[in-house]
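Subject: Structure handover

Hi there,

Here is the structure I promised to pass on. My notes follow below it.

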Amino acid sequence: MAGASPEILIARLAAATKHIRLGSGGVMLPNHSTLKVAENFRLLEALYPGRIDLGIGRAPGGDRLTAHVLNPSNTFEPRDFVQQINDLEGYLSDSREAGTIHEKVIAIPHIETAPELWMLTSSGESGLLAARQGWALSFAHFIYPVGGPQAVRNYRDRFKASQFLQEPAASVGIFVFCADTQEKADELQAMMDYRLLSFEKGRFDEFPSYEEVRDYEYSDMEWQRVMANRGRMIAGTPDQVKEKMLKLALDYDVDEIVAATMTEQAEDRFRSYELLAEMFELTPRNV
């Protein structure tokens, strides 16, 4: 969510760190050349082995006009996405299968490892594809907070081991806002309430102040959308957030949560992550 070119940001952050895993969340594959995606992430894996995740999604990631401009050959057909997935695996595994594109075209650089492959889903349908292909799965609860636990269970039940992953692995993504005080937590939640509603109205470039949001009078229909959207986020003080996050992990049966924090002020985002690290007793490495 920090930029339109995750591979560039990954390279910048990987160069400044030593241990943290970095990945795309994600590359909307139909928008791009499969070979180019494979080569971008192969290069990242070559530079920072064992630290790169390649998260793949099927959705346009925006409107269809923008998706068409990114890739004019995009047909938005599910079977084309499946073919792209198969091609991506072929490029990352140096497949030379006769009668396929991989017999003549290879992805460079040639390396012995591959980035960890993740399938992104907000409906569960791509979860079944992840199970069939033997990929890890991340459910986007922050997009659609319904049916996620069942989708992850279906994925685990149908998982088939692959050369990329031997056992099923899953995570869940959610908006998280943690603050030192209840007042600040309520402010961050109110801003996100308004932001998500504005997105639903097609207003993506609206940046009101907290005072404007606080004084805005929602209609009954708008308030229903606000309450529904609150299912996409966790907000509160450290004790409140920790309890809700642990419950979310238990519901999904996962030990990894992707926390997305979108705030108007950078310091609020940084403080939220600091509080998350403290409450889960995460300590920085010195070497």
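A word on naming before the findings: helices (H or I, at least four residues) and strands (E, at least two) are DSSP runs, numbered from the N terminus. This is a predicted model, in which local features need pLDDT of at least 70 and side-chain atom pairs count only at pLDDT 80 or more, while totals for chains, interfaces and linings use all residues. Residues are numbered from 1 along each chain as its sequence is written, and side-chain values use heavy atoms, with hydrogens and water left out.

Let me start around helix H5. Ser 122 sits in the loop between strand S4 (116–121) and H5. With a relative accessible area of 26%, Ser 122 is partly exposed (buried means under 20% relative accessible area, exposed over 50%, partly exposed in between, using a 1.4 Å probe and protein chains only). Not counting residues up to four places away in sequence, Ser 122 touches Phe 139, Ala 140, Ile 143 and Tyr 144, where contact means heavy atoms within 4.5 Å. Ser 122 and Ala 151 are 29 residues apart in sequence, and their C-alpha atoms are 9.1 Å apart in space.

Ser 126 lies in H5 itself and counts as buried, at 7% relative accessibility. Its contacts, leaving aside neighbours within four places in sequence, are Arg 58, Met 119, Leu 120 and Thr 121.

H5 (residues 125–133) also packs with helix H4 (residues 78–92): their axes come within 12 Å and cross at roughly 30°. Axes here are lines fitted to C-alpha atoms, for helices over the stretch in contact, and angles run from 0 to 180 degrees between N-to-C directions. H4 contributes Phe 81, Val 82, Ile 85, Asn 86 and Glu 89 to the contact, and H5 contributes Leu 129, Arg 132 and Gln 133. By class, that makes four nonpolar, two polar and two charged residues (Ala, Val, Leu, Ile, Met, Phe, Trp, Tyr, Cys and Pro count as nonpolar, Asp, Glu, Lys and Arg as charged, and the others, Gly among them, as polar).

The peptide bond from Ile 108 to Pro 109 is cis, with omega near 0°, and Pro 109 is in the loop between H4 and S4. Asp 94 lies in the loop between H4 and S4, and its phi is near 55°, a positive value in a residue other than glycine. Another cis peptide bond joins Gly 25 and Gly 26, with omega at about 10°. Phe 76, in the loop between helix H3 (64–70) and H4, has a positive phi near 65°.

How many cavities of 30 Å³ or more does a search of the whole structure find? There are two. On a 1 Å grid over the protein atoms alone, a cavity is a set of points where a 1.4 Å probe fits but cannot get out, and lining residues have an atom within 4 Å of a point. Grid points are joined across faces, edges and corners, and a volume is the space filled by probe spheres set on the points. The largest cavity has a volume of about 80 Å³, and helix H7 (residues 182–200) gives the largest share of its lining, five residues. The second largest cavity, of about 30 Å³, is lined by Glu 116, Leu 117, Ala 136, Phe 164 and Leu 165.

Happy to talk any of this through.

Best wishes

Methods. On a 1 Å grid over the protein atoms alone, a cavity is a set of points where a 1.4 Å probe fits but cannot get out, and a pocket is an open set with protein on both sides within 12 Å along at least five of seven lines; lining residues have an atom within 4 Å of a point.
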